[in-house]
Amino acid sequence: RAQQAFDGLYDQALLDLVAGTDAASIVEHGLYMRPAAECNEEWFGRGRVVLLGDAAHPTRPTGQGVNMAFEDAYELGRCITQGGEGDLLTSLDTFRQRRASRVGPMMSQAEVVGSTAYTADGVRAPMKGPFADNKEYQAFVDSESFLPVL
């Protein structure tokens, strides 16, 4: 199955490497995503429970997931520090509010990028330049939502 997924999309050396790998040692797993339009504060936990990274906002592998996880950790620390020890629950609620408003647009961007990079069956589709023809992606990059949080 791995050979079939890569066939015709990559250099022959990579195809040979996949073909020469014992099938029992190849681990296949699905991509788990949440729709960006549904992003809300509860994705980041409730009460004293906080979720970060892919546990809160799984998205297609576009490189943004790890960046958002680092931002989650930074923002959590910032909210707790700013809130002080006396009101932890309020600090955690502030964290969830801030992250939901930041992560939703980033996930929307990942959906746009992912739709150009993957076919419905999960096999990578050939790219048409670095998103040169994708107006949605370019509009997002040009928007304030794309600015770094730090």
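Select Arg-102 to begin: this residue is buried, with a relative accessible area of 13%. Buried means under 20% relative accessible area, exposed means over 50%, and partly exposed lies in between (1.4 Å probe, protein chains only). The model is predicted, so local features need pLDDT of at least 70 and side-chain atom pairs count only at pLDDT 80 or more, while totals for chains, interfaces and linings use all residues. Residues are numbered from 1 along each chain as its sequence is written, and side-chain values use heavy atoms, with hydrogens and water left out.

**Stop 1**

A salt bridge is a side-chain nitrogen of Lys or Arg within 4 Å of a carboxyl oxygen of Asp or Glu. Helices (H or I, at least four residues) and strands (E, at least two) are DSSP runs, numbered from the N terminus. Glu-71 is buried, with a relative accessible area of 12%.

Together with Glu-71 and Arg-102, they are linked in a network of salt bridges.

**Stop 2: a pair within α3**

Select Glu-75 and Arg-78. Their closest N and O atoms are 3.6 Å apart, in a salt bridge. Both lie in helix α3, and because they are 3 residues apart, about one helical turn separates them.

**Stop 3: an exposed pair**

Move to Arg-46 and Glu-42. Their side chains meet in a salt bridge of 4.0 Å, N to O, and both residues are exposed. A search of the whole structure finds 7 salt bridges.

**Stop 4: the nonpolar core**

Select Cys-39, Trp-43, Phe-44, Met-68, Phe-95, Val-103 and Met-107. These have the most contacts inside the largest nonpolar core, which has 14 residues. A nonpolar core is a set of buried Ala, Val, Leu, Ile, Met, Phe, Trp, Tyr and Cys residues joined through side-chain atoms within 4.5 Å. The elements giving two or more residues to this core are α3 and α4, and α4 gives the most, with 6 residues.

Finish on Phe-95. Leaving aside neighbours within four places in sequence, Phe-95 is in contact (heavy atoms within 4.5 Å) with residues including Phe-44, Leu-52, Asp-72 and Glu-75.
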